[in-house]
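Please open the model in your viewer and keep the selection tool at hand. We will go from the whole chain to a single pair of side chains.

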Amino acid sequence: YSVPAANKRGGHGDVAPVWAGFADSFAWVAGVAGNHDDVTAVRRAAHVHLLDTDVVDCGGLRIGGVGLIAGTPDKRGRRGEDDQVERIEVVATSDVALLLLHEGPHGEDADAQPGHPLIREVIERARVPLTVCGHVHWDAPVARHAGGQILNVDSRVIVLIPG
């Protein structure tokens, strides 16, 4: 979510129009809720996958996802750290080819590519081939880990086209 003028970070709002636009334009849509996203009005359909501790098959691609961030559970868009990391572990160890997260792991240089260290441990142990995340911006959007790669899409649009 971005405030209407897109001139400041933060806020909380309805992201259903974005999901609807994608759903009307693409064969399938898969994603997760960020900590600023109100997803209550997101229209669910057979080809629309709002993931939160879920794994789906989209055109032969096994995708798992966990939304929100670790933090104080009484604040909107957050779960307790243990709960969040456990959910990510459940999905990451489900033989996914693509893991979608809002809050992700840190990259190779934790100062330049900040993220959650426990999430990095999970994806390395599970050897997740590709983890796509955001929440914090990285100037260099790609990092490697022991079993694959991390793609940070904060402030970016990534279009994947099957080969």
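This is a predicted model: local features need pLDDT of at least 70, side-chain atom pairs count only at pLDDT 80 or more; totals for chains, interfaces and linings use all residues.

Residues are numbered from 1 along each chain as its sequence is written, and side-chain values use heavy atoms, with hydrogens and water left out.

Start with the cartoon view of the protein, where you can look for three helices and 12 strands, taken as DSSP runs (helices H or I, at least four residues; strands E, at least two). The radius of gyration, computed over C-alpha atoms, is 15 Å, close to the 15 Å from the globule rule (2.2 Å times the number of residues to the power 0.38) for 163 residues, so the protein is as compact as a globular protein of that length.

Next, colour the residues by accessibility: 42% of the 163 residues are buried, that is, under 20% relative accessible area with a 1.4 Å probe and protein chains only, whereas exposed means over 50% and partly exposed lies in between.

Now select phenylalanine 22 and phenylalanine 26, whose ring centres are 5.8 Å apart with planes at 50°, so the pair is tilted. Rings pair if their centres lie within 6.5 Å, and planes under 30 degrees apart count as stacked, over 60 as edge-to-face and the rest as tilted. Phenylalanine 22 is partly exposed at 42% relative accessibility, and phenylalanine 26 is also partly exposed, at 47%.

Conventions:
Rings of Phe, Tyr and Trp (its six-membered ring) pair if their centres lie within 6.5 Å; planes under 30 degrees apart count as stacked, over 60 as edge-to-face and the rest as tilted.
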